[in-house]
Amino acid sequence: MLSQLRGMIQSRRFCENRLESNARLHLHNRVVVVILLLFALACKCRCRSARARPAALLKPATDTWPTYNGDYSGGRFSTLDQINAGNVGSLTLAWVFQPHASTIKSTPWK
């Protein structure tokens, strides 16, 4: 009878230890999930702020050249007025690039 009682106590301790271990594991998993959710939320906020706003697409900046084509319309036209019909004749060569190739490829002009 004493051995049965010892077996029951050991069995109960084993179950309690296992429940404690599972509780710690569940807590650990919850902490990990919360951290991952916070990280994903932070990434989403950062990505959202980096995207172009619809207003920026409709009204592009006039003092910058934010994309390869100038503005988001791709027109390659600048609204800057430092060069105009009165001073275009005074422009001079600033630099030259010698490609040392027979052909140069580019995107077509509109």
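His 100 came up as exposed, since its relative accessible area is 76%. I noted the cut-offs: buried means under 20% relative accessible area, exposed means over 50%, and partly exposed lies in between, with a 1.4 Å probe and protein chains only. I found His 100 in the segment after H2. Its phi is near 55°, a positive value in a residue other than glycine.

A note on what I am looking at: this is a predicted model, where local features need pLDDT of at least 70, side-chain atom pairs count only at pLDDT 80 or more, and totals for chains, interfaces and linings use all residues. Residues are numbered from 1 along each chain as its sequence is written, and side-chain values use heavy atoms, with hydrogens and water left out.

Next I looked up the whole protein. I counted 2 helices and 0 strands; both are DSSP runs numbered from the N terminus, helices (H or I) of at least four residues and strands (E) of at least two. How many of the 110 residues count as buried? The figure is 3%. The accessible surface comes to about 10,800 Å², and 63% of it belongs to carbon and sulfur atoms. Such areas come from the Shrake-Rupley method with a 1.4 Å probe, and for residues only the protein chains shown count as cover.

Then I went to Leu 58, in helix H2 (residues 54-58). Leu 58 is exposed, at 77% relative accessible area. Asp 71 is 13 residues away in sequence and 10.0 Å away in space. Tyr 72 is 14 residues along the chain from Leu 58, at 8.4 Å. Tyr 72 is in the segment after H2 and is partly exposed, at 40% relative accessibility.

My last stop was Leu 5, in helix H1 (residues 2-50). Is Leu 5 buried or partly exposed? Leu 5 counts as partly exposed because its relative accessibility is 45%.
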